[in-house]
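This briefing goes through the two chains in turn and then looks at how they touch. Please read it beside the sequence and the coordinates.

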Amino acid sequence: MADAGLTGPDQDSAAHRVIGAYLAELADRLGGPPAARAAIVAELEDGLWAATATHQAGGSPPEAAARAAVAEFGDPTTVAAGFGPELAAATGRRVGLGLLTTGPLVGTGWLLVVAASWTRAGREPPPALGVIAALVGLVLAVAVPAAVLSVAVSGRLSSWLPAGPRVAATAAATAASACVAGDLVLLAGLVASTVFAGGVAWPAGLLAAGASCARLNLAGRAARRCLAARASLT
Amino acid sequence: MRAEVLKGHLDGLLLAALEAGPLHGYAVMETLRAGSGGRVDLPTGTVYPALHRLERAGLIRSRWSSEGGRRRRSYELTAAGSRALAGERSSWREFSATVSTLLEGRPWPTPA
């Protein structure tokens, strides 16, 4: 296009400052996953230099051409707001995929605790284990479909679901919140087993508790990010 | 022509701009401007996010390359995008023929 063969504005430090300031302001206003934000900034940087080259080809000196390019691209707040739905979808998708990936690992850790502490040890499991299993089942019944939905509506299905980004962020926030609740139930169960039921097999218990604490922290932050992304769409 | 006026036709216009071959985001904006004599001058905050949305929907795909030491993202139509463009054209022809007939007070053409 118009920037082919033009190398002048890239070399101009004043033009660099103008475009750099614009991109810094834009980056400050973008939410969403860091990789998605960086990709947007890199893409718009290329676009700004292409626009600068076009204005320079029309007779403007490099700095004026850069200023014209920035003006042409518009207010960074408005540009960043335009990316809101895409970044909300990216956030929901990333959180949904993360939960679907880590969920089986955390679950396997807790199944190992049950196996090592009671099933393989030949001990009778405490009655409260049934309650914990029922609560975890309830959490899974919410978290898994919500996480799958967040991934589904932020991908190809978005052609048929115009509300995809909002739904993706909401579903991912729901899934992450459910995981927080599930981890709290499991950790409470571990404490109760230790105090009232003679303890658990500790190598497996420590592993599962560590995994749940890590996911509790990450899922809590992910839920807040998803809610913030959804709120930015209103 | 403002973006709001083109609401509902934005996807078709972007797909049409990419029909001739891969373009980066600013080149898509320039193609629409040049192809409409400057009448279609869509803002950055509309075009770039719409390209991302079309990619998410599988209608276009992007590739990163290096251009003058900078990273450049170029977009091209997918097979699904070509089919969607054909659908957009067909819908537009029907819509514009209907509205033109009504606005100009002509009788609806009946098959011979």
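Helices, of at least four residues, and strands, of at least two, are taken here as DSSP runs and numbered from the N terminus. On that basis the elements of chain B follow the order α-β-α-α-β-β-α from the N terminus on. The model is a predicted one, and for chain A the mean pLDDT is 89, with 93% of the residues reaching 70 or more.

**Chain B: elements and dimensions**

- Chain B has four helices and three strands as its secondary structure, and its C-alpha trace spans about 60 × 30 × 20 Å along the principal axes.
- The radius of gyration of chain B is 17 Å, whereas a compact globule of 112 residues would have one near 13 Å.
- Of the 112 residues in chain B, 35% count as buried.
- Among the contacts in chain B with a separation of 6 or more, 48% come from residues 24 or more positions apart.

**Contact between the chains**

- Chain A brings 28 residues to the contact and chain B brings 22 residues.
- On the side of chain B that touches chain A, helix H2 (25-35), helix H3 (44-56) and strand E3 (70-77) each supply at least two residues, and H3(B) gives the most, with eight residues.
- By class, the residues on this side of chain B divide into six nonpolar, eight polar and eight charged.

**Chain A: domains and confidence**

- The domain assignment divides chain A into domain 1 (8-82) and domain 2 (85-231), whose centres, taken over C-alpha atoms, are separated by 41 Å.
- Where the two domains of chain A meet, five residues of domain 1 are in contact with six residues of domain 2, and the side belonging to domain 1 has three nonpolar, two polar and no charged residues.
- Over residues 1-7 of chain A the pLDDT stays under 50, and for this stretch the model has 16 contacts beyond four places in sequence.

**Nonpolar cores**

- The largest nonpolar core has 75 residues, and those with the most contacts inside it are Ala172(A), Ala175(A) and Ala176(A).
- Helix H8 (residues 164-196) of chain A gives the most to this core, with 11 residues.
- Because domain 1 (8-82) and domain 2 (85-231) of chain A both give residues to this core, it lies between them.
- Another core, of eight residues, lies apart from the largest one and includes Val106(A), Trp110(A), Val113(A) and Ala208(A).
- Once neighbours within four places in sequence are left aside, Ala176(A) is in contact with Val95(A), Leu99(A), Ala219(A), Ala222(A), Ala223(A) and Cys226(A).

**Ala204(A) and its surroundings**

- Ala204(A) is found in helix H9 (residues 202-231) of chain A, and, leaving aside neighbours within four places in sequence, Ala204(A) is in contact with Leu112(A), Val113(A) and Ala116(A).
- Ala204(A) has 18 other C-beta atoms within 10 Å and is therefore partly exposed, since a residue counts as buried at 20 or more such atoms and as exposed at 12 or fewer.

Notes. Residues numbered from 1 in each chain as written. Chains lettered and ligands numbered in written order. Predicted model: local features only at pLDDT ≥ 70, side-chain atom pairs only at ≥ 80, totals over all residues. Core = buried A, V, L, I, M, F, W, Y, C linked by C-beta atoms within 7 Å. Domains from an automatic or database assignment. Contact = placed C-beta atoms within 7 Å. pLDDT = per-residue confidence, 0-100. Nonpolar A, V, L, I, M, F, W, Y, C, P; charged D, E, K, R; others polar. Rg over C-alpha atoms; globule rule 2.2 N^0.38 Å.
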